[in-house]
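Open the model in your viewer and keep the selection panel at hand. The stops below say what to select and what is there.

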Amino acid sequence: MCNALERKTQELYTSIGNCHAHVQYTSLTTKTRMEPVYTSQDHTFVICAYKDSPYLQACMESLAGQTQRSRIILVTSTPSRAIEAACEHFGIPMHINTTAHHGIAGDWNFGVACAHSALVTIAHQDDVYKPRYTADMLQALNRAKAHEPLLYFTNYAELRNGAEQAQNRLLAIKRCMLTPFLSPLLSRMRWVRKLVLGSGNPICCPSVTLIQSTCEKLGRNEFFDAEFGSNLDWQTWLLIAKLPGMFVYNPTIEMCHRIHEGSETSRLIENQTRDAEDLAMLGSFWPRPIARMLHVLYKHGQDSNRS
C-alpha cells in the first residue's frame, strides 16, 4: 500500500511539476503593482542548539554553503565549549538565552527576536539545507509578494544513518496533503489551509521561513506558545492559516531532516508526549469521534520517526 501511495504521489507531482513554475510563480507576477523586494539582507538563519550535537557542524556547513548567503546566528540555552568552538570556526555569532523562557518555544522565540530581520528560518541543529534554499526562498516570496505571503515552506527528505531518503510512507502522505498548496488560488483560501492542517501537520518546521509581519498580523509579540512541547509549530501554522494572505509552498526538496534516536522528535514520541498532543490538536478541530479516528491513522506516521 505504501509503494502504491508513493507511486500515485510521484505521478501527481510529475504532472503538476511540469507546469508548477508557470502556475505557482509566473502567474503571481501578473500584478502591475510594484512591491518591495526581499534580498538576502532581509533573511537570517537561526540555529537552535541544544547541548552538544555531533551534527551541528554539518548544519553550519550547509548554511555557510548557500549559493545566496544571508546572516547566520546561533541561539542556545545550554552553552558549551563545543558549541562555542563551532561558532568560532564558522564565524557565527552565538546568543545565550538567559531569559526566564526556555524549552523549545522559549528558544525559538528568543532566536526570532535575535534575528532582527524580516525573514527568519529556524534551523534545527541536526538538519542540513540544500545550497539553493535561500535563493529559491527569496525568489518565491518576491514573486508572491502581491498576494501577501504569510509563510514559506518546502518539500523535504529525511537523513537516516547519513543517507538521504526521499521516499517513504510518511513523506508520501505529507506530500499528498500539501498538494492543494501547489495552486496559488487554493493557497489563498483560508478554509483550504485550515482543512489541511486540521487533518495533520504536513509542514516540516525546519523547512519554514517565518515572515515577521505575519506575527504582527496575528496581534502577537511571539510566534510560538509553550503550551505544547511537540506541536507548537502545528498550533502556530493553524493560527496563521486563519489570516488573509497566502501560503507559499515550494515542492522542491530544499532540506533534509535528520532522524536519529537522540533527536527531540524521537524523544517526544518515545515518552508519548507527541501522541497526546496530536490527539489534542485534532480534537480542537474535529468532533471527538472523528478526531480519534484521524488520530489512529496519524499515529502510524510516527513509526517513521523511530530510528
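**Stop 1: T214**

Select T214 and show its surroundings. Leaving aside neighbours within four places in sequence, T214 is in contact with P149, L150, F223, I240 and L243. T214 sits in helix α9, residues 212–217. Is T214 buried or exposed? T214 counts as buried, at 0% relative accessibility.

**Stop 2: the whole chain**

Zoom out. This is a predicted model. The protein has 13 helices and nine strands. Of its 307 residues, 53% count as buried. Next, consider the contacts with a sequence separation of 6 or more: residues 24 or more positions apart account for 77% of them.

**Stop 3: the cores**

Select L151, F153, I203, L210, F224, W237 and F247. These residues have the most contacts inside the largest nonpolar core, which has 43 residues. What does L151 touch, not counting residues up to four places away in sequence? The list is I203, V208, T209, L210, I211, W237, I240, M246, F247 and V248.

**Stop 4: S187**

Move to helix α7, residues 184–187, where you will find S187. S187 is buried, with a relative accessible area of 0%. Set aside its neighbours within four places in sequence. S187 is then in contact with P180, F181, L182, R193, G245, M246 and F247. Now draw a C-alpha to C-alpha distance from S187 to Y249. The two are 62 residues apart in sequence and 8.4 Å apart in space.

**Stop 5: helix α5**

Select residues 133–143, which form α5. Eight of the 11 residues of α5 are buried, so this helix is largely enclosed by the rest of the structure. Which residues of α5 are buried? Colour Y133, T134, A135, D136, M137, L138, A140 and L141.

**Stop 6: two positive phi values**

Check the backbone torsions here. Most residues other than glycine have a negative phi. Start with E148, in the loop between α5 and β6 (149–160). E148 is not a glycine, yet has a positive phi of about 55 degrees. E148 is partly exposed, with a relative accessible area of 44%.

Then jump to K51. Where does K51 lie? K51 is in the loop between β1 (43–49) and α2 (56–64). K51 also has a positive phi of about 55 degrees although it is not a glycine. Its relative accessible area is 49%, so K51 is partly exposed.

**Stop 7: a helix pair**

Finish with α10 (residues 232–241) and α12 (residues 273–283). Their axes come within 10 Å and cross at roughly 15 degrees. That makes α10 roughly parallel to α12, since angles under 35 degrees count as roughly parallel. The crossing of α10 and α12 is right-handed.

Show the side chains at the contact. W234, Q235 and L238 in α10 meet D278, M281 and L282 in α12. By class, the contact of α10 with α12 has four nonpolar residues, one polar and one charged.

Terms used: Residues are numbered from 1 along each chain as its sequence is written. This is a predicted model: local features need pLDDT of at least 70, side-chain atom pairs count only at pLDDT 80 or more; totals for chains, interfaces and linings use all residues. Side-chain values use heavy atoms; hydrogens and water are left out. Axes are lines fitted to C-alpha atoms, for helices over the stretch in contact, and angles run from 0 to 180 degrees between N-to-C directions. Helices (H or I, at least four residues) and strands (E, at least two) are DSSP runs, numbered from the N terminus. Angles under 35 degrees count as roughly parallel, over 145 as roughly antiparallel, 65 to 115 as roughly perpendicular and the rest as oblique. A crossing is left-handed if the near helix is turned anticlockwise from the far one by less than a right angle, and right-handed if clockwise. Contact means heavy atoms within 4.5 Å. Ala, Val, Leu, Ile, Met, Phe, Trp, Tyr, Cys and Pro count as nonpolar, Asp, Glu, Lys and Arg as charged, and the others, Gly among them, as polar. A nonpolar core is a set of buried Ala, Val, Leu, Ile, Met, Phe, Trp, Tyr and Cys residues joined through side-chain atoms within 4.5 Å. Buried means under 20% relative accessible area, exposed over 50%, partly exposed in between (1.4 Å probe, protein chains only).
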